Amino acid sequence: MSLARTALRLGAIEALRSHAAIEAMCPGRVYDSRVGDFDHREPVPVIIVTTEELHGEPWNEQNGGEPFDDSCDLVLEIAMTQLVEDETSTFLLTPGTDSEMEATLDLLEESASCILTLGRPMAISPSPTPAGKLLQEAVIRRVSRRTSSRFSSDQTGEKLAIHLLTFRVELKGEQIDSYEIPPGPFGVLPDPLRTIANAMVVGSSGYLICQLIAERLALAVMPAPTPPSQPVVEPDPEPGTLPTSVSIPLSQVP
């Protein structure tokens, strides 16, 4: 069920993007497992979503093995920078004060927590977003723990603050009622990734990732095509003469 980790990450990104406040503050800047530090002078804030520390206990303690009761750490790195303008600077990124920066990060953290644990933009919101609802119904069984850590730096007039938000998420497992592969481009994927993939916008980065995984998995479950039989020609040893015999498989005899 490690692909449930992929489903959690992709579903969480779509849920975060469905939150109007997050989308207004981080348009196009919710990243999937971004490797390496971001450029401190790019537009911020940014949110980097990763999945870490997958733990699984077998449902059948006597026999062990699949299926497992899996839980995973969903980690959000919410980062924001503030540049102090000087004579040579062409940048002056908001917010203008440390207090405003911290308040913005707190707002992003609160918004992310609500959409990922409740499926709703706010605790008092009457209804979830479609992406938030799908995440709750298809992937998350419950969130058992939440932790938040803060980091900051002040180098060469550039102030950077990061909130590291970690959720321990208990994942829903796949209920196998039949070993038949469902129809559709993502039928070979296990749930909950199949459900998340089917809800992706065609051509989006998440859709293409699921498509790649499905193509690779299909190699393991689909039999390789048998090449067609070809007539076996036995040439005459003497050059310039016609073959003395032709062997044709019985499958090709009319």
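I started with handedness: helix 1 and helix 3 make a right-handed crossing, meaning the near helix is turned clockwise from the far one by less than a right angle, with anticlockwise being left-handed. This is a predicted model, where local features need pLDDT of at least 70 and side-chain atom pairs pLDDT 80 or more, while totals for chains, interfaces and linings use all residues. Numbering runs from 1 along each chain as its sequence is written, and side-chain values use heavy atoms, leaving out hydrogens and water.

I noted about 125 degrees between helix 1 and helix 3 (residues 98-117), axes 9 Å apart. That makes helix 1 oblique to helix 3; oblique is whatever is left after under 35 degrees (roughly parallel), over 145 (roughly antiparallel) and 65 to 115 (roughly perpendicular). Ala 12, Ala 15 and Leu 16 of helix 1 meet Ala 112, Ile 115 and Leu 116 of helix 3, a contact being heavy atoms within 4.5 Å.

Next I checked helix 4 (residues 130-138): its axis comes within 8 Å of that of helix 1, crossing at roughly 155 degrees. The two are therefore roughly antiparallel, and I logged their crossing as left-handed.

Then the core. I found 45 residues in the largest nonpolar core, with Leu 8, Leu 16 and Leu 116 among those with the most contacts inside it. Such a core joins buried Ala, Val, Leu, Ile, Met, Phe, Trp, Tyr and Cys through side-chain atoms within 4.5 Å, buried being under 20% relative accessible area with a 1.4 Å probe, protein chains only. Helix 1 (residues 3-17) gives the largest share, 8 residues.

Note on methods: Buried < 20%, exposed > 50% of the residue type's maximum accessible area, 1.4 Å probe, protein only. Helix = DSSP H or I, 4+ residues; strand = E, 2+ residues; numbered from the N terminus. Axes fitted to C-alpha atoms, helices over the stretch in contact; angles between N-to-C directions.
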